[in-house]
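Me: I'm new to this one, could you walk me through it once it's on the screen?

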Amino acid sequence: MATVTEHESESVEKANSTGLTPVVFIHGLWLLPSSWQRWAEVFEEAGYTPLTPGWSADPDTMEEGSARQDVLATTREGWDV
């Protein structure tokens with residue numbers, strides 16, 4: 001069962017309330033949703049609503065990811081690299 005994080009829920013609510021065209025940025029392995037922050041700002045300034053969902057088990061920050069490299073060493077959904 002998929003879990004919607006607070007970040008994702010807030011992003012979806014914002015996108016729905018603006019009526020603007022959403023743009024979804026999906027990050028790859030070893031990155032976090034925050035990796036898209038600069039691009040999300042560019043698209044928001046251009047009139048879009050950026051969404052930057054994460055994967056299950058993503059750490060909240062790069063610092064946490066550095067401390068818990070085992071989490072980033074496996075692909076999402078529990079598949080081993």
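Predicted model: local features only at pLDDT ≥ 70, side-chain atom pairs only at ≥ 80, totals over all residues.

Me: How many aromatic pairs does a search of the whole structure find?

Reply: The search turns up three aromatic pairs.

Me: Where do F25 and W36 lie?

Reply: Both F25 and W36 lie in the loop between β1 (22-24) and α2 (37-45), so their pair ties together parts that are eleven residues apart in sequence.

Me: And is F25 buried or exposed?

Reply: F25 counts as buried, with a relative accessibility of 8%, whereas W36 is partly exposed at 25%.

Me: What about F43 and Y48, how are they arranged?

Reply: F43 and Y48 also make a tilted aromatic pair, with 5.8 Å from centre to centre and 55 degrees between the planes. F43 is partly exposed at 26% relative accessible area, and Y48 is likewise partly exposed at 33%. Taken together, F25, W36, F43 and Y48 form one aromatic cluster.

Me: Changing topic, which strand does T49 lie in?

Reply: T49 lies in strand β2, which covers residues 49-51, and T49 is buried, with a relative accessible area of 2%.

Me: Which side chain does T49 join through a polar contact?

Reply: The side chain of T49 is joined to that of T18 by a polar contact of 3.0 Å. Leaving aside residues up to four places away in sequence, T49 touches several residues, among them K14, A15, L20 and V23.

Technical notes: Residues numbered from 1 in each chain as written. Heavy atoms only, no water. Phe/Tyr/Trp six-rings, centres within 6.5 Å; stacked < 30°, edge-to-face > 60°. Helix = DSSP H or I, 4+ residues; strand = E, 2+ residues; numbered from the N terminus. Buried < 20%, exposed > 50% of the residue type's maximum accessible area, 1.4 Å probe, protein only. Polar contact = N/O pair within 3.5 Å; in protein donor to acceptor, adjacent residues only side chain to side chain. Contact = heavy atoms within 4.5 Å.
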